[in-house]
Amino acid sequence: MISIDPNTQSERDTYKLLIGSVVPRPIAFVTTLSDEGVLNAAPFSYFSILSSNPPLLSVSVQRKQDTAKDTARNAMQSGELVIHIVDEDTVQAVNETAANLPPNESELVLTHLTPTDSEVVKVPGILECKIRMECVLDQVVSLNGPDQMPAADLLIARVVRFHVAEELYEHGRIDAAKLKPVSRMAGNIYSSLGGMFTIERPV
């Protein structure tokens, strides 16, 4: 085994080790509204479930030169966001929204994706996504870098409404094969669902 001390290498080298090791990673496609009413949309693969009671999701948004990205800033200002699951049908369009646009421009203009009104929050969702979750911001954890300056904003979001395509929903469960989720690997590589197998949990 190779032993690596992250304190002896650059942040980029540590980043490469993390994104190549923690795979596959689900992708959160997040929409938020700015104070000026601009609909921001961006994908994040530092994304996971925290709790089912209450239903909490986490999205870590890395900062740029100590400055919060549009997604984090908008979520913190409005207290709302919509999280979508990326699938094979939407991944190409979602990838376009990773472009670095100024805050007064919506990334959706680069795509064919369609905003749709939410039921509980003011932030619109995306019609083409098979699963979307309207969320309110439960809390924000500032993650500091080695210089003790904020390096990332960990958004903890509470789901207040689920929207699931009818063809995926069977007896309260999601059919993953029909969802066709896409996950993130390292670099420009993505992964589809692939093979599945069952292992019984011990009693």
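I begin with Cys-129: its sulfur lies 13 Å from the closest cysteine sulfur, that of Cys-135, which is too far for a bond. Likewise, for Cys-135 the closest cysteine sulfur is that of Cys-129, at 13 Å, again too far for a bond. The structure therefore holds 0 disulfides, a disulfide being a pair of cysteine sulfur atoms within 2.5 Å.

A word on the basis: this is a predicted model, in which local features need pLDDT of at least 70 and side-chain atom pairs count only at pLDDT 80 or more, whereas totals for chains, interfaces and linings use all residues. Residues are numbered from 1 along each chain as its sequence is written, and side-chain values use heavy atoms, with hydrogens and water left out.

Are these cysteines buried or exposed? Cys-129 is buried, with a relative accessible area of 5%, and Cys-135 is buried at 0%. Buried means under 20% relative accessible area, exposed over 50%, and partly exposed in between, with a 1.4 Å probe and protein chains only.

Now the sheet. It is open, with 7 strands in the order β3-β2-β6-β9-β10-β5-β4 and antiparallel pairing. Strands are DSSP runs of E, at least two residues, numbered from the N terminus; two of them pair if DSSP finds at least two bridges between them. β3 (39-44) and β4 (47-52) stand at the edges with a single partner strand each, so one side of each has no neighbour in the sheet.

Finally, β9 (residues 131-144) and β10 (residues 150-164) pair in the antiparallel sense over 13 bridges. In β10, Pro-150 is the bridge partner of Asn-144.

Definitions and conventions: Helices (H or I, at least four residues) and strands (E, at least two) are DSSP runs, numbered from the N terminus.
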